[in-house]
Amino acid sequence: MKYTRLGSTGLKVSRICLGMMSYGDPDVRAWALREDEAEPIVRRAVDAGITFFDTADTYSNGASEEITGRLLGRLFPNRDDYVLATKVFNPMGKGPNDRGLSRKHIMSGIDASLRRLGTDYVDLYQIHRFDPETPVEETMEALHDVVRAGKARYIGASSMYAWQFARMQYTADLRGWTRFVSMQDHYNLVYREEEREMIPFCVDQGVGIIPWSPLARGLLTGTRGPGGEKRTLRAQTDEFGDTLYTDEDFAVVDALNAVAQERGLPPAQIALAWLLSRPGVTAPIVGATKVKHLEDAVAAVDVSLSAEEIKRLEAPYRPHPIRGHQ
């Protein structure tokens, strides 16, 4: 495994982040693995040198955080040996204040996440989306207070428009509050709209990019086919994934498969190697429900693509409507 700084911070993370959304309650997410099923995969990740783990309060209604906390507690001898990230924003109850980025929900959310994770602090506390109903100043001050209280070491954000992210960063700078150090955005070979504004802004500002859905919900690995074909349980039950991609994207998949075949490598390794080579990208967040998924991700760290291969992979791309945070 290789390690790098998260953006311009001094925090060192593995170049692959293990996404823990795959582990939780199958009654909530049909494809989620229970704790005993998840443990061999997470153990293999630890053995491979992965030290960066990402979850969220909303995944399996908190069950993902609970499993994450127990597994990492067993697999690492010391809390400082790994980097733990979670998120706040999505509904965690039926009440009007059980969601969003108000001071009330952020303060309640961090305490509830810490209880479920069984830890005193998270390394990275992220807002899951932008909240148009809460003043930016209220959100940024609350996040600053979470850091000042020692409950989070750093703060990050996830998918939104670049102007929204810039506004939040500027507000923090103006008031002397804690800045975001990371952006978890929707970015992969078949969805590259983030290259227009968000990624250049993050590179300019020293913000680390930790993309979600780096393999396009399995589109880049063959779990989805043209005409709506779905070849796995996750593909069959992932309604959100159905909103992200279309049959036009299979031109990119064809180019990926051609390069992978020539290299004698799985398409997943080529797709992740491409992403790891992009400006500003710190660590793709990879979900794994099989050990093979994890091993492909780890192997991708050592795959170098030629300029000609990159050109071939990128050539079929066509512009997309904004997808992933509307």
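The model is a predicted one, in which local features need pLDDT of at least 70 and side-chain atom pairs count only at pLDDT 80 or more, while totals for chains, interfaces and linings use all residues. Residues are numbered from 1 along each chain as its sequence is written, and side-chain values use heavy atoms, with hydrogens and water left out.

Along the principal axes, the C-alpha trace spans about 55 × 40 × 35 Å.

Now for the sheet. An open sheet is built from 8 strands in the order S9-S8-S7-S6-S5-S4-S3-S12, with parallel pairing; two strands pair if DSSP finds at least two bridges between them. Strand S9 (208-209) and strand S12 (285-287) sit at the edges with a single partner strand each, so one side of each has no neighbour in the sheet. Further in, S5 (residues 83-88) and S6 (residues 122-127) pair in the parallel sense over 4 bridges, and Ala 85 stands opposite Leu 124 in S6. Helix H4 (residues 136-148) packs on the sheet and touches S6, S7 (152-158) and S8 (180-184), contact meaning heavy atoms within 4.5 Å. The direction of H4 makes about 150 degrees with that of S7. Axes here are lines fitted to C-alpha atoms, for helices over the stretch in contact, and angles run from 0 to 180 degrees between N-to-C directions.

On to the helix pairs. H5 (residues 162-175) and H6 (residues 198-205) pack at about 25 degrees with their axes 9 Å apart, which means that H5 is roughly parallel to H6. Angles under 35 degrees count as roughly parallel, over 145 as roughly antiparallel, 65 to 115 as roughly perpendicular and the rest as oblique. In this pair, Ala 162, Phe 165, Ala 166 and Gln 169 of H5 meet Met 198, Phe 201 and Cys 202 of H6. The contact residues of H5 with H6 split into 6 nonpolar, 1 polar and no charged; Ala, Val, Leu, Ile, Met, Phe, Trp, Tyr, Cys and Pro count as nonpolar, Asp, Glu, Lys and Arg as charged, and the others, Gly among them, as polar.

The axes of H9 (residues 250-263) and H10 come within 8 Å and cross at roughly 110 degrees, so H9 is roughly perpendicular to H10. Leu 256, Asn 257, Val 259, Ala 260 and Arg 263 of H9 make this contact with Pro 267, Ile 270 and Ala 271 of H10. H10 (residues 267-276) also packs with H11 (residues 291-300) at about 40 degrees, their axes 8 Å apart, so H10 is oblique to H11.

Technical notes
Helices (H or I, at least four residues) and strands (E, at least two) are DSSP runs, numbered from the N terminus.
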